[in-house]
Structures are given as C-alpha cells and as structure tokens.
Amino acid sequence: TREQRDAWLEKTANTPFNKWLNGQVRDEAGKLNLEALYTVAKRYGVGGAEAYGHLNPGQQRMTIGIKLRAKVPASEYEESA
C-alpha cells in the first residue's frame with residue numbers, strides 16, 4: 001500500500017545497511033545491477049540467481065537484502081554511513 005511504501009522510505013530506505021548495499025549494487029543512475037547483487041550475496045553465503053532468479057529484479061534485491069542484513073556484520077556498513 002502507499003502507507004507501507006511511505007513507512008519503508010522513512011524508516012528503512014536510508015539506513016546505513018541499505019546505503020552500503022546500494023553503493024555496491026546500483027550504478028550512478030540508481031539502476032540495479034543484478035550481477036553485482038549476486039556477487040555480494042555470494043560473498044556472504046546467500047543464494048543468488050540460482051535461488052532467486054525466478055523473481056523480478058526488485059524482489060531479488062529485497063529478498064537477498066533481507067538475507068544479507070542478517071549475515072553482514074554491522075561493523076561493515078556502519079562505518080560507511
């Protein structure tokens with residue numbers, strides 16, 4: 001819903017974790033690079049195209065991001081905030 005999107009933008013979109021991840025998986029124009037997303041996922045032991053390739057790119061970014069948030073040490077992204 002619109003309310004859910006607004007809440008996500010306010011509370012989650014600009015967190016240190018999302019800034020860290022987006023800096024690695026989005027180009028200068030903000031477009032998602034799936035290969036870069038898969039590279040980060042692999043680095044932290046999270047499935048990539050083989051596990052999530054059936055989803056659309058936004059769903060892949062969301063799902064892999066959720067899994068990465070649980071595995072990436074906060075020290076890796078809090079410093080880059």
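**Helices, core and pocket of a chain**

Student: How does Asp6 count by its relative accessibility?
Tutor: The relative accessibility of Asp6 is 33%. Buried means under 20% relative accessible area, exposed over 50%, and partly exposed in between, with a 1.4 Å probe and protein chains only. Asp6 therefore counts as partly exposed.

Student: What kind of model is this?
Tutor: Residues are numbered from 1 along each chain as its sequence is written, and side-chain values use heavy atoms, with hydrogens and water left out. Local features need pLDDT of at least 70, side-chain atom pairs count only at pLDDT 80 or more, and totals for chains, interfaces and linings use all residues, since the model is predicted.

Student: With which residue does Arg2 form a salt bridge?
Tutor: Side chains of opposite charge can pair when their charged atoms come close. A salt bridge is a side-chain nitrogen of Lys or Arg within 4 Å of a carboxyl oxygen of Asp or Glu, and the count by this rule comes to one. For Arg2, the closest N and O atoms are 3.5 Å apart, and the partner is Asp6.

Student: In which helix do Arg2 and Asp6 both lie?
Tutor: Helices (H or I, at least four residues) and strands (E, at least two) are DSSP runs, numbered from the N terminus. Arg2 and Asp6 are four residues apart, about one turn of the helix. Both lie in residues 2–11, that is, in helix H1.

Student: Is Arg2 buried, partly exposed or exposed, and what is its relative accessible area?
Tutor: The cut-off for exposed is over 50%. Arg2 is exposed because its value passes that cut-off. Its relative accessible area is 52%.

Student: How many helices are there in the chain?
Tutor: The elements run α-α-α-α-α-α from the N terminus on. The chain has zero strands, and the number of its helices is six.

Student: What is the radius of gyration of the chain?
Tutor: The radius of gyration is taken over C-alpha atoms, and the globule rule is 2.2 Å times the number of residues to the power 0.38. For 81 residues this rule gives 12 Å, and the chain comes close to that, so it is as compact as a globular protein of that length. The C-alpha trace spans about 30 × 30 × 25 Å along its principal axes. The radius of gyration is 13 Å.

Student: What is the volume of the largest pocket?
Tutor: On a 1 Å grid over the protein atoms alone, a pocket is an open set of points where a 1.4 Å probe fits, with protein on both sides within 12 Å along at least five of seven lines; lining residues have an atom within 4 Å of a point. Grid points are joined across faces, edges and corners, and a volume is the space filled by probe spheres set on the points. For the largest pocket, the volume is about 360 Å³.

Student: Which helix gives the most to the lining of the largest pocket?
Tutor: Of the 13 lining residues, the closest to the centre are Trp8, Thr12, Asn18, Arg61 and Met62. Helix H2 (16–25) and helix H5 (57–71) each supply at least two residues of the lining. With six residues, the helix that gives the most is H5.

Student: How far apart in space are Tyr77 and Trp8, C-alpha to C-alpha?
Tutor: Tyr77 lies in helix H6 (residues 74–78) and, at 13% relative accessibility, counts as buried. Tyr77 and Trp8 are 69 residues apart in sequence, and their distance in space, C-alpha to C-alpha, is 19 Å.
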